[in-house]
Amino acid sequence: MTLSEAVREARKERKTLQGQKDWGVGLEEAYRIQEALFPGPLKGYKLGLVSEAKQRQMGLAAPIYGRVHPGMILEEVRLASFIQPRLEPELAVVLKEDLAPGAAPGEAMRAIGGFYLAVDVLDSIWEGYRFTAEEVVADNTSGGGFLLGLRRLSAPPEGHLRLYLNGRLATEGPVAALGDPVGRLLWLANQVGGLKAFQVVFLGSPAPAVPAEAGVLEVWSEAGVLVAPLWEV
Amino acid sequence: MVEPKLYKETVERLKALGFPYELPLEVTHYIGGEFVRGENFFPVIYPATGEVIATAPEGREKEVDLAVAAAKEAFAKWGKMPPSQRRPYLRRFADKIREWRPVFEVVETLDVGRPIHENRLGYVDRMANNIEFFADFAVTHGSEAYPMENGYINYVLRFPVGVAALITPWNMPSMLATWKIGPTLAFGNTAVLKPAEFTPLGAWLLAKAAHEAGLPPGVFNVVHGFGPNSAGEFLTRHPDVRLISFTGETTTGRIIMKNASDTLKRLSMELGGKAPNLIFESADLDRAVEVTMRASFFNQGEVCLAGSRLLVQRSIYQAFVDKLVAAAKALKVGDPLDPETRMGALIAQEHLEKVMSYVEIARKTATILTGGRRPELPHPFDQGYFLEPTVVVDVKPSDKVCQEEIFGPMVVVMPFDTEEEAIELANNTPYGLNAIVQTREVGQAVRVSEALEVGTVWVNDWFVRDLRVPFGGAKQSGIGREGGHYGYEFYYETKNVCLANK
């Protein structure tokens with residue numbers, strides 16, 4: 001079975017696979033598999049493995065990215081529709097202008113329409129989230145669903161993003177760990193042949209992912225809060 | 001008025017949690033199964049920011065008459081139902097409360113200014129359980145029989161009384177409302193709830209829950225308003241109200257008793273407190289500090305049961321006070337909706353001023369070890385009614401701050417030498433609601449618990465509630481007991497049937 005077939009079948013059957021195998025596929029090929037398996041109109045992109053420590057661990061020198069389709073932006077989360085959901089507090093950028101490959105930093109700054117608190121509801125087919133870079137890329141970087149905050153922020157908030165499940169602090173990390181958003185957008189625009197106005201880019205998580213559980217989800221930052229219910233079914 | 005930015009965010013939070021109603025809130029009465037718009041609106045203020053977050057109508061004679069009439073009409077059917085037929089209605093009510101748990105958690109914080117963290121420590125479960133427990137209790141409990149030796153047998157029958165006025169305070173509004181609603185309805189009475197004017201939101205949401213749960217119209221009604229010359233007074237004077245369950249200040253309790261005496265209403269009164277918290281040298285010091293922190297500063301100390309008079313045995317006095325002050329200094333005061341916050345805002349400007357007046361007395365006559373100031377908080381919380389947790393020492397037992405209920409985050413600490421002295425100090429107030437005894441010596445716990453003139457003693461803990469056990473105050477802290485069958489005297493009419501068997 002090829003990597004492409006394995007991912008397709010696991011997604012279809014909603015089952016997990018043993019990862020960390022050598023499928024004889026490079027990173028570029030993994031992105032082609034991602035594009036073929038997750039086609040359709042794009043609402044935007046997500047960045048993964050944004051910390052250098054994680055990148056080194058995976059043998060990478062840059063983040064990875066995945067595709068975000070309109071149906072992946074959620075109003076509420078129903079956990080039963082995920083295979084093995086995990087949560088990460090994130091920041092997202094909504095673009096107000098196109099951003100061509102090779103654009104200058106000033107253009108990227110002008111293209112930023114605003115920042116929003118966000119939650120990445122990860123969903124990997126790879127058992128226990130143990131995978132190689134190629135495996136996670138082919139699986140659309142564990143793309144599950146996303147929640148977006150309601151309040152536009154003109155700049156990334158200071159301090160930490162804190163994610164609470166039913167009032168218990170589940171994970172947190174410093175916003176600074178996300179790196180420079182402008183640099184990220186320029187990098188991504190180069191990778192994907194340009195970004196479009198009104199697309200949303202999830203900038204990755206500064207905190208370790210945590211398993212989801214039903215109840216109230218909150219993400220707190222110095223600049224506001226995102227709240228959503230997580231339903232069992 | 002503060003720009004209502006935070007309110008907008010909170011509205012967004014509520015909507016995100018599935019809050020089923022339109023905002024901003026215009027609180028309505030709930031009379032005879034209908035939400036009645038009312039008149040004479042007054043503002044509802046979020047204590048943490050001073051923002052107006054809703055408006056509520058003041059009920060006058062008209063609304064009270066309508067609500068009591070609706071309750072009386074509903075009583076004709078509800079009171080005749082066997083408990084097992086009432087139970088499914090009440091269970092649905094309890095389920096609805098649980099279903100709206102996240103919304104109740106936020107709304108309770110908006111009402112009171114309490115940290116949402118405290119609402120998540122089982123508060124909503126306790127609300128639902130208050131109703132469910134009594135629904136089951138009414139079904140499962142029998143009554144007594146007294147066979148006589150000379151050919152007679154007595155047996156006891158119990159009947160519901162009629163329309164109950166439930167008058168609840170602002171400190172634990174939803175908890176105390178359900179505490180009364182549960183036995184009132186389960187034992188077959190019908191109710192008109194008059195919540196405190198500072199906290200109408202929780203009562204309004206309870207009415208929504210009751211309505212969605214399909215409670216028959218008129219069984220449960222809510223009329224908003226104030227006390228004197230307002231909904232509270234009209235209810236307590238109303239000839240068709242047969243029982244009044246009141247929780248609140250002792251002074252208000254006296255007025256209600258006077259109002260109720262013309263029509264001989266039944267009264268259950270849970271009034272003020274000035275609970276002693278006795279810490280003996282054998283106590284586990286760290287645990288004693290933890291229990292004391294909760295008993296002192298839970299809900300900003302706005303709890304009738306607060307252990308606000310600390311009596312500490314001299315041999316451990318300094319060590320205990322040092323630890324307590326350190327813990328009080330570390331308590332995070334601020335945005336009550338932030339899950340990390342451990343103390344929120346006092347209920348209202350006028351209440352903050354009242355508490356501050358005790359702080360000022362302490363500043364002159366005693367020593368403030370920590371607190372006594374308003375914390376510096378970022379906007380919009382700089383507009384809220386916050387006060388740092390405050391620990392006062394060098395007081396005399398007769399001092400005003402040791403005798404009167406402060407109802408805020410301020411405790412006084414006094415040393416004692418012997419057990420006898422501790423008991424004497426503990427009993428030395430007009431109040432007798434409850435006490436805390438912290439010791440690892442069993443005999444001492446037994447002796448001291450017996451000697452305290454109070455309705456409830458907690459040994460090595462605080463605020464633990466079993467709905468089967470009697471709850472109420474001694475001395476000036478109340479009249480009557482509620483909980484389990486102890487509430488029968490109040491909620492039921494009792495009849496003895498004496499039968500000749502030959």
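**Entry 1: where the two chains meet**

I began with the contact between the chains of this predicted model, and I found 12 residues of chain B in contact with 14 residues of chain A. I then looked up which elements of chain B give two or more residues to the side that touches chain A, and they are α1 (5-16) and α5 (116-119) of chain B. The largest share of that side, four residues, comes from α1(B). When I sorted the residues on the chain B side by kind, I had five nonpolar, two polar and five charged.

**Entry 2: α6(B) and its two neighbours**

I turned next to helix α3 (residues 83-99) of chain B and helix α6 (residues 123-140) of chain B, which pack with their axes 9 Å apart at an angle of about 170°. Because of that angle, I noted α3(B) as roughly antiparallel to α6(B). On the α3(B) side the contact includes L90(B), F93(B) and I97(B), and on the α6(B) side I noted, among others, M127(B), I131(B) and A135(B). The residues of this contact divide into 12 nonpolar, one polar and six charged.

Which way does α7(B) run relative to α6(B), roughly parallel or roughly antiparallel? I looked up helix α7 (residues 173-186) of chain B and found that its axis and that of α6(B) come within 8 Å and cross at roughly 10°. I therefore wrote down α6(B) and α7(B) as roughly parallel to each other. Among the residues of α6(B) that meet α7(B) are F133(B), F134(B) and F137(B), while the α7(B) side includes M175(B), W179(B) and I181(B). I counted up the kinds here too, and the residues of this contact divide into 13 nonpolar, four polar and one charged.

**Entry 3: two helices with a buried face**

I checked the length of helix α2 (residues 61-78) of chain B, whose 18 residues should span 26 Å at 1.5 Å a residue, and the end C-alpha atoms are 25 Å apart, which agrees. I then asked myself which residues of α2(B) are buried. They are E63(B), V64(B), A67(B), V68(B), A70(B), A71(B), A74(B), F75(B) and W78(B). Seen down the helix axis, the buried residues of α2(B) fall within an arc of 160°, so they line one face of the helix. I reminded myself that an α-helix has 3.6 residues a turn, so residues three or four places apart point the same way. On the face of α2(B) turned away from the buried side I found the exposed residues K62(B) and A76(B).

Q20(A) has a positive phi of about 60° although it is not a glycine, and I located Q20(A) in the loop between α1 and α2 of chain A. Is Q20(A) buried or exposed? I found 11 other C-beta atoms within 10 Å, and because 12 or fewer counts as exposed, Q20(A) is exposed.

Q300(B) also has a positive phi, near 60°, and Q300(B) lies in the loop between α11 (285-297) and β14 (309-313) of chain B. With 32 C-beta neighbours inside 10 Å, however, Q300(B) counts as buried. I also noted a cis peptide bond, with omega about 5°, joining H379(B) and P380(B). P380(B) is in the loop between β15 (367-370) and β16 (390-393) of chain B.

**Entry 4: two single residues**

I found T252(B) in helix α10 (residues 250-261) of chain B, and T252(B) is buried, with 20 other C-beta atoms within 10 Å. The C-alpha atom of T252(B) is separated by 30 Å from that of G122(B), 130 residues apart along the chain.

I found R447(B) in helix α16 (residues 442-451) of chain B, where R447(B) is partly exposed, with 16 other C-beta atoms within 10 Å. The C-alpha atoms of R447(B) and F159(B), which are 288 residues apart along the chain, are separated by 39 Å.

Technical notes:
Residues are numbered from 1 along each chain as its sequence is written. Chains are lettered from A and ligands numbered from 1 in the order in which they are written. This is a predicted model: local features need pLDDT of at least 70, side-chain atom pairs count only at pLDDT 80 or more; totals for chains, interfaces and linings use all residues. Axes are lines fitted to C-alpha atoms, for helices over the stretch in contact, and angles run from 0 to 180 degrees between N-to-C directions. Angles under 35 degrees count as roughly parallel, over 145 as roughly antiparallel, 65 to 115 as roughly perpendicular and the rest as oblique. Two residues are in contact if their C-beta atoms, placed from the backbone, lie within 7 Å. Ala, Val, Leu, Ile, Met, Phe, Trp, Tyr, Cys and Pro count as nonpolar, Asp, Glu, Lys and Arg as charged, and the others, Gly among them, as polar. The expected span of a helix is 1.5 Å times one less than its number of residues. The arc is that of the directions from the helix axis to the C-beta atoms.
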